[in-house]
Amino acid sequence: MVPSESLRHDHNPRMHQGGKLSFRSRVQDPDEDPGDRLVLGGKNPPALRELVPADFREVEIEIGPGKGAFVLAATEAKPDTFLLGIEAAQGYASLAAARLHLSGRRNGLFLVDNGKLYLQDRVEDGELAAVHVYFPDPWPKRRHAGRRFFTPDVLPVLARALRDSGYCYVATDNAGYAGQVARVMGSATDFARDEEEEARVLALGAGHAFSPTNFERKYIEQGRVIRRYAFRRLPR
Ligand SMILES: C[S@@+](CC[C@H](N)C(=O)[O-])C[C@H]1O[C@@H](n2cnc3c(N)ncnc32)[C@H](O)[C@@H]1O
């Protein structure tokens with residue numbers, strides 16, 4: 001599964017879509033073994049259907065899983081669902097994959113790639129039951145705003161990849177970015193915010209949606225307000 005081509009992000013144009021992302025280059029590859037739970041996307045990542053075993057009909061993607069707490073919990077809470085975590089920072093993806101490998105569960109995988117681009121060019125129409133985006137980098141500087149995940153260009157990407165009545169779940173502590181998410185998603189004719197779903201999945205507990213994540217734990221400890229949204233893909 002690991003391509004031989006160079007994986008240095010500096011030479012990988014996929015990682016520069018919308019401007020250079022944050023790769024946390026200081027995060028070193030961990031010593032733990034990621035086994036076959038890590039896929040290095042490189043310049044030509046495999047399509048989603050090549051990564052998901054044929055017996056899984058429910059497929060969900062998390063963009064920017066960091067150290068992987070949500071994917072780990074979700075693979076346990078939802079054994080019939082396949083979870084793909086797409087992480088730009090290889091060190092984080094590798095650490096998360098090592099944890100998943102250690103768990104012995106086979107219904108999840110971590111891929112090093114640019115999540116927005118992957119949804120755009122490696123996922124088939126309506127292939128996903130859900131997309132999770134938790135504490136996406138807010139990129140506060142005006143000149144970096146194009147690097148955010150929730151810019152207007154993400155709407156057709158999400159609307160195509162999600163199946164009818166599939167969900168995009170978002171959590172953020174950043175009030176400005178929360179406003180942008182609400183504006184972008186609220187302007188879409190293909191999506192509707194679903195507050196009942198927000199309450200339902202929160203009540204289900206860890207690994208269903210929103211929780212747990214490392215940033216969530218940190219921000220709860222700091223007493224920050226966390227805003228959570230579930231947007232339902234309206235029928236085509
Ligand atoms: C603030 S961290 C949040 C990590 C995790 N979701 C959590 O809540 O603990 C944002 C993560 O998203 C990753 N990231 C940012 N843009 C990305 C993109 N376009 N594709 C994939 N990962 C991305 C970063 O490398 C980082 O690990």
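Tryptophan 139 is buried (under 20% relative accessible area, with exposed meaning over 50% and partly exposed in between, for a 1.4 Å probe and protein chains only), its relative accessible area being 14%. The model is predicted: local features need pLDDT of at least 70, side-chain atom pairs count only at pLDDT 80 or more, and totals for chains, interfaces and linings use all residues. Residues are numbered from 1 along each chain as its sequence is written, and side-chain values use heavy atoms, with hydrogens and water left out.

**Loop between β5 and α5**

- Tryptophan 139 lies in the loop between β5 and α5; helices (H or I, at least four residues) and strands (E, at least two) are DSSP runs, numbered from the N terminus.
- Although tryptophan 139 is not a glycine, its phi is positive, about 45 degrees.
- Phenylalanine 135 is placed in the loop between β5 (128-134) and α5 (154-161).
- Phenylalanine 135, a residue other than glycine, has a positive phi near 55 degrees.
- With 10% relative accessibility, phenylalanine 135 counts as buried.

**Threonine 213 and the loop between α7 and α8**

- Threonine 213 is found in the loop between α7 (195-204) and α8 (214-221), and threonine 213 is buried at a relative accessible area of 11%.
- A polar atom of the threonine 213 side chain lies 2.9 Å from the backbone nitrogen of glutamate 216. A polar contact is a pair of N or O atoms within 3.5 Å; within protein, one must be able to donate a hydrogen and the other to accept it, and residues adjacent in sequence count only if both atoms are side-chain atoms.
- Leaving aside neighbours within four places in sequence, threonine 213 is in contact with Ala69, Phe70, Tyr134 and Phe135, where contact means heavy atoms within 4.5 Å.

**Ligand surroundings**

- The ligand is surrounded by 21 residues, of which the closest are Gly64, Glu87, Gly115, Tyr134 and Thr213; a residue is near a molecule if one of its heavy atoms lies within 4 Å of it.
- A nitrogen atom of the ligand lies 3.1 Å from a backbone N or O atom of alanine 88.
- The side chain of asparagine 114 has an N or O atom 3.2 Å from a nitrogen atom of the ligand.
- An oxygen atom of the ligand is 2.9 Å from a backbone N or O atom of phenylalanine 215.
- Of the 600 Å² of accessible area that the ligand has on its own, the protein covers 94%, as given by the Shrake-Rupley method with a 1.4 Å probe.
- β2 (58-63), β3 (81-87) and α8 are the elements that give two or more residues to the shell around the ligand.

**Helix α7**

- Glu197, Glu198 and Val201 are buried in α7.
- These residues are on the same side of α7 because they cover an arc of only 105 degrees around the axis, an arc taken from the directions from the helix axis to the C-beta atoms.
- The buried residues of α7 pack against β6 (162-172), β7 (191-193) and β8 (227-233).
- Exposed residues Glu195, Glu196 and Ala203 are carried on the face of α7 turned away from its buried side.
- Glycine 205 follows α7 and has a positive phi, near 95 degrees.
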